[in-house]
Amino acid sequence: MNSPSSTITLRPFKTTDVEDFILWAGDDRVTRSTLWKTITSKEEALTFIKEVCIPHPWRRSICINDHSIGYISVFPGSGDDRCTAMIGYGLSVDYWGQGITT
């Protein structure tokens, strides 16, 4: 859990995040409002990190003490909506209600 000595950061995903990633991305409560399905294996998690998270220019891992506890992504608009963006995020249920994403 979050403690006064914890540091919350945003950083690019790394393949070494796989163990932390599967803890929250494998939880239906977290993924029920994402555009992707619940991750069910370590191999699937690693593939998702390599093919989706790392290449995405505005997807970052939400970390506490450098452990991934979720993600945040920015999806820029285009055409007439080029000055807008959508923001998506997912966070481990262990950290819900603590003001981390706000």
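## The sheet

Four strands form an open sheet in the order β1-β2-β3-β4, with antiparallel pairing. β1 (8-11) and β4 (85-91) stand at the edges with a single partner strand each, so one side of each has no neighbour in the sheet. On average, neighbouring strands are turned by 25° against each other, direction ignored; axes here are lines fitted to C-alpha atoms, for helices over the stretch in contact, and angles run from 0 to 180 degrees between N-to-C directions. Strands (E, at least two residues) and helices (H or I, at least four residues) are DSSP runs numbered from the N terminus. Two strands count as paired if DSSP finds at least two bridges between them.

The model is predicted: local features need pLDDT of at least 70, side-chain atom pairs count only at pLDDT 80 or more, and totals for chains, interfaces and linings use all residues. Residues are numbered from 1 along each chain as its sequence is written, and side-chain values use heavy atoms, with hydrogens and water left out.

## Strand pairing

β1 and β2 pair in the antiparallel sense over four bridges, and Thr 9 has Cys 63 in β2 as its bridge partner.

Tyr 71 stands opposite Gly 90 in β4.

Val 18, Asp 20, Phe 21, Trp 24 and Ala 25 are the buried residues listed for α1. Buried means under 20% relative accessible area, exposed over 50% and partly exposed in between (1.4 Å probe, protein chains only). These α1 residues cover an arc of only 160° around the axis, which puts them on the same side of α1; the arc is that of the directions from the helix axis to the C-beta atoms. The buried residues of α1 pack against α2, α3 and β3.

In α3 the buried residues are Ala 45, Phe 48, Ile 49 and Cys 53. Their arc is only 100° around the axis, which places them on the same side of α3. Glu 43 and Glu 51 are exposed on the other side of α3. The packing partners of the buried α3 residues are α1 and β2 (59-64).

## Nonpolar cores

The largest nonpolar core has 14 residues, and those with the most contacts inside it are Phe 13, Phe 21, Trp 24, Ala 25, Trp 36, Ile 39 and Phe 48. α1 (18-25) and α3 (42-53) each supply at least two residues of this core. A nonpolar core is a set of buried Ala, Val, Leu, Ile, Met, Phe, Trp, Tyr and Cys residues joined through side-chain atoms within 4.5 Å. A second, separate core of six residues includes Ile 62, Ile 64, Tyr 95 and Ile 100.

Leaving aside neighbours within four places in sequence, Trp 24 is in contact with Phe 13, Val 30, Trp 36, Ser 68, Ile 69, Gly 70, Tyr 71 and Ser 92. Contact means heavy atoms within 4.5 Å.

β2 is mostly covered, with five of its six residues buried. Arg 59 lies in this strand and is buried at a relative accessible area of 5%. Beyond its neighbours within four places in sequence, Arg 59 has contacts that include Phe 13, Trp 36, Phe 48, Cys 53 and Tyr 71.

Arg 11 belongs to strand β1 and is buried, with a relative accessible area of 12%. Leaving aside neighbours within four places in sequence, the contacts of Arg 11 are Asp 17, Arg 60, Ser 61, Cys 63, Asp 66 and Ser 68. Arg 11 and Ile 72 are 61 residues apart along the chain, and their C-alpha atoms are separated by 9.9 Å.

Asp 27 is in the loop between α1 and α2 (28-31). Its relative accessibility is 13%, so Asp 27 counts as buried.

## Record annotation

An unreviewed UniProt entry places the feature "domain: N-acetyltransferase" at residues 8-102. UniProt positions are given in the numbering used here, feature names are shortened, and annotations may be inferred rather than shown by experiment. Over residues 8-102 the chain is 25% helix and 28% strand, with the end C-alpha atoms 12 Å apart.
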